[in-house]
Amino acid sequence: MALHATAFSFTGVSTSNKASRSSLLSVFPAPRRCTVKATSRYPPSFHRCKIQGRALPSDNGPLEKDESSLVVCFGEMLIDFVPTTSGLSLAEAPAFKKAPGGAPANVAVGISRLGGSSAFIGKVGEDEFGYMLAEILKENNVNSDGMRFDPGARTALAFVTLRKDGEREFMFYRNPSADMLLQEDELDLELIRKAKVFHYGSISLITEPCKSAHIAAAKAAKDAGVILSYDPNLRLPLWPSAESAREGILSIWDTADIIKISEEEILFLTQGEDPYDDNVVRKLYHPNLKLLLVTEGPEGCRYYTKDFSGRVKGIKVDAVDTTGAGDAFVAGILSQLASDDSLLQDEGKLRDALSFANACGALTVMERGAIPALPTREEVLNALLKSVA
């Protein structure tokens, strides 16, 4: 599927037809990665399951042992069932494609696909789907030392309804699922403390004991000087009420260093205020925040810091399934930030990183499912070249 050329520019890279791969590589150098250990607490039966996922090699050469750029992602990992035909209800869909997902896990795999170093902390069921998800992390070079298995609860499932424009609605099966049962004493605190970035959402705040585990993990990261990245990832059907969702999401708002939200989430959190009004967005900017990002789908994104703000245009593509697009965007920006956090103070560097992140999101909507669609660094660089040709 061809990318549609669109007006696009980013600092430090020529937007003429002479734009070259070497110029892109100078702006987006390959992030350094650390080696990972295969020592997660897998149950004895884990190795009987060998389900293949889309494991893609990095184009960055041999892995370099450097844990200073590690991004640890905390939260849920589940199975998305995506209909093979768009525009139908769940009942009308003739078949579903099974795809690994869960926002924090998507980000972890996305970072690894881009050549970065990532880890996942969360819980799945001691069942075939749980084994499958663990294997997919392993195949994608994601550190799964913090992954736990619950013998008494199933791995979460989500059935996704795709509208004809690629947007989606969810039906969840998690009453309770294993991800909700992660306990504080199961956390790998050593892994958390050695991260450069600790990334999480809000779904892990909905019920105990996972809520307490989430709060403890974030505190350990904050105390260790780790950058905290927060994507609320609003899923209203999972919360008892809209008010509890708003309260839960905002309960940890002021501890984050980086927050990524969508236009719909601004509308929800401000109870109906205009998400395109910068004054409204600035109300969500807390005193210790380093970067607030607002994603606008195919239009790109907006960024806000204490010293500057602006908009970076997106890449226009034909959307098939928007599942995981926001997570791919987050993976794109965090992979750049983990390698060079000076972009938080340098607007030119930040715009470059956001151009890269926008391309990550655009490529992801061209395939069905989240993790199966996440791009490699090579694919992102090629997309950026096409967009400026």
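I started with Gln271, which is exposed, with a relative accessible area of 61%. This is a predicted model, so I am reading every value here as computed. The exposed call follows because the cut-off for that word is over 50%. What made me stop at Gln271 was its phi, which is positive at about 55° although the residue is not a glycine. I then looked up where Gln271 sits: it is in the loop between helix H7 (263–269) and helix H8 (278–282).

Next entry: Asn233. This residue also turned up with a positive phi, about 50°, and it is not a glycine. I found Asn233 in the loop between strand S9 (227–230) and helix H6 (242–251). Buried or exposed, I wondered, is Asn233? Asn233 is buried, at a relative accessible area of 12%.

Then I went through the prolines with cis peptide bonds. Which residue is joined to Pro176 by a cis bond? I noted Asn175, with omega at about -10°. Pro176 is in the loop that runs between strand S7 (168–173) and helix H4 (189–193).

Last entry: Pro209. Where is Pro209 placed? I traced Pro209 to the loop between strand S8 (197–200) and helix H5 (210–223).

Key
Residues are numbered from 1 along each chain as its sequence is written. This is a predicted model: local features need pLDDT of at least 70, side-chain atom pairs count only at pLDDT 80 or more; totals for chains, interfaces and linings use all residues. Side-chain values use heavy atoms; hydrogens and water are left out. Helices (H or I, at least four residues) and strands (E, at least two) are DSSP runs, numbered from the N terminus. Buried means under 20% relative accessible area, exposed over 50%, partly exposed in between (1.4 Å probe, protein chains only).
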